[in-house]
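Here is a short briefing on one protein structure. Look at the model first, then work through the points below.

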Amino acid sequence: VGMLVLLVDDDDNAPNASGYYTTVMKSTGIGYDYWNLRTAPTLPNGYMNAHKAIVWWTGGAYPAPFTAYEPNLTQYLDQGGRLFMSSLDGLDQSAGNTPFVSNYLHINWNNATDNDQSLDPMTVTGVLTNPVTSVLSGSYIVNNGAFGYCACNDFVQPISPALGATRDTGANRFNGLTVTDTSGATGKEY
C-alpha cells in the first residue's frame, strides 16, 4: 500500500457510483486504492490505517450501510485518519443514533424530524461560513427520484465542533457537514 487515499465502495451497486469517484481521483493525479465491500466485506484496520484519507460512499444502500464498520472507522479516526463520507440513507431509522454518529461524525440525529424530510428536486448550496464549502458557487440540484430512488432527502443537525457544510435552500436546513476534532482515545486530530 503506497497510496494516499482509499476509496471504499459501500453502495451495493445501488446505484454503482464507483465510476464517479475513480474518475475524480484520476483527474487529480492523486494515487488511490479501491475496496469494494460487496465483494470483500472484511476491511482490515491495518489496510485502512495505511491510507491518509478514506473516501467512503454508500449510494442508495439501505438501511444502516456503514453501521457494521463503525468500530473500524472509529479506530481509523482515532489514529488521525481523514474521512469523507457520502450516503443517501446511512442514518435512516436507528442507524443515526449510534455513538459513532454522535461522537465522531458529530451529528444529532432525530429520525422523526430529520429522516426523509425534503422532497425532490432539492436545491443545495454550500454554506459560506464553512471553510471547506465556502468555495462552492451556485446551487446544485439533487433529484434522487430521477434515478429510481424515493425522494428521501435527510437533514443533519451538527454537534459542535461540526459545522453545517451544505444546505437545502427550500427547507433552510443542513444536509451536509464538516468536522475536525481530537480523538479522546489517542489525542490525535481527525
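**An antiparallel sheet**

T166 has G176 as its bridge partner in β10. This is a predicted model: local features need pLDDT of at least 70, side-chain atom pairs count only at pLDDT 80 or more, and totals for chains, interfaces and linings use all residues. Residues are numbered from 1 along each chain as its sequence is written, and side-chain values use heavy atoms, without hydrogens and water.

- Strand β9 (residues 163-168) and β10 run antiparallel, joined by 5 bridges.
- Strands (E, at least two residues) and helices (H or I, at least four) are DSSP runs, numbered from the N terminus.
- Two strands pair if DSSP finds at least two bridges between them.
- The order β7-β6-β9-β10 makes an open sheet of 4 strands, with antiparallel pairing.
- β7 (139-142) and β10 (173-178) are the edge strands, and each pairs on one side only.

**A β-α-β unit**

- Strand β1 (residues 5-9) pairs with strand β2 (residues 32-36) in the parallel sense, over 5 bridges.
- L6 has D33 in β2 as its bridge partner.
- Together, β1, helix α1 (residues 18-28) and β2 form a β-α-β unit that is right-handed (with the strands pointing away from the viewer, the path from the first strand over the helix to the second runs clockwise).

**Pocket lining**

- L7, Y21, V24, M25, V55 and F84 line the second largest pocket (on a 1 Å grid over the protein atoms alone, an open set of points where a 1.4 Å probe fits, with protein on both sides within 12 Å along at least five of seven lines; lining residues have an atom within 4 Å of a point).
- α1 gives the most to this lining, with 3 residues.
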